[in-house]
Amino acid sequence: MRTQVIVLNGGSSSGKSGIARCLQAVLPEPWLSFGVDTFVDALPAAMRASDAGIEFAENGAVTVGDDFRTLEAAWIEGVAAMARAGARVIVDEVFLGGAQSQRRWRRALDGVPVLWVGVRCPAGVAAGRETARGDRIAGMAAIQADLVHQGVRYDLEVDTAHHEAIACARTIAAHIG
């Protein structure tokens, strides 16, 4: 079966969004790209600093509550519905819960051909990117660099510390079935 969804999982500032844009440029068919940042930006402002929503600690730690999980589940199901309706989709994700996060996506995408891609980037490199970006809480990249990969199973992994986004995208494109 032909791949319908590409899930890119990696920590903050690991290079997922750049890879997603490059994939859209190198893949022959049109692919939609949806990132967890877009989902978080769509949340009501009150949920961005609440126990029930999403909280960003001063050290970069991220915690989510029940209301966040409810809306996240709806978002995941919505992305899966688009794939089932025929859209090819790239998902730019941060599996804060490691394997548990992947299980949520696996359930929603059951029966849909998915390529699971780990986007690796050492904590120090990601932290440098985080500082250069200036739009993230300091420490988030270092906390997430390894955390998001714990217990996650991939079809393919790419390393953005040693390869540019376009090279990673070409590697991923070569694995699209």
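**Strand pairing and helix packing**

User: In β6, which residue is the bridge partner of leucine 8?

Analyst: This is a predicted model, in which local features need pLDDT of at least 70 and side-chain atom pairs count only at pLDDT 80 or more, while totals for chains, interfaces and linings use all residues. Residues are numbered from 1 along each chain as its sequence is written, and side-chain values use heavy atoms, with hydrogens and water left out. Helices (H or I, at least four residues) and strands (E, at least two) are DSSP runs numbered from the N terminus, and two strands pair if DSSP finds at least two bridges between them. Strand β1 (residues 5-9) and strand β6 (residues 114-120) run parallel and are joined by five bridges, and in β6 the bridge partner of leucine 8 is valine 117.

User: What angle does the direction of helix α7 make with that of β7?

Analyst: Helix α7 (residues 165-173) packs on the sheet and touches β1, β6 and β7, where contact means heavy atoms within 4.5 Å. Axes are lines fitted to C-alpha atoms, for helices over the stretch in contact, and angles run from 0 to 180 degrees between N-to-C directions. On that scale, the direction of α7 makes with that of β7 an angle of about 170°.

User: Which are the edge strands of the sheet?

Analyst: Five strands form an open sheet with parallel pairing, in the order β2-β5-β1-β6-β7. The strands that pair on one side only, and are therefore its edges by that criterion, are β2 (32-35) and β7 (156-159).

User: How many residues of β5 are buried?

Analyst: Buried means under 20% relative accessible area, with exposed over 50% and partly exposed in between (1.4 Å probe, protein chains only). Val89, Val91 and Glu93 point one way from β5, while Ile90 and Asp92 point the other way, and all are buried. Strand β5 (residues 89-93) is thus mostly covered, the number of its buried residues being five of five.

User: At what angle do helix α5 and helix α6 pack?

Analyst: Two packed helices are described by the angle between their axes and the distance between the axes. Ala123, Ala126, Ala127 and Glu130 in α5 meet Met140, Ala141, Ala142 and Ala145 in α6. For α5 (residues 123-133) and α6 (residues 140-147), the axes are 8 Å apart and the packing angle is about 145°.

User: Within what arc do the buried residues of α6 fall?

Analyst: Met140, Ala141, Gln144 and Ala145 are the buried residues of α6. Seen down the helix axis, they line one face of α6, because the arc within which they fall (taken from the directions from the helix axis to the C-beta atoms) is 125°.

User: How far apart in space are glycine 139 and alanine 61?

Analyst: Glycine 139 lies in the loop between α5 and α6. Leaving aside neighbours within four places in sequence, glycine 139 is in contact with Asn59, Gly60 and Glu130. Although glycine 139 and alanine 61 are 78 residues apart in sequence, their C-alpha to C-alpha separation in space is 7.5 Å.
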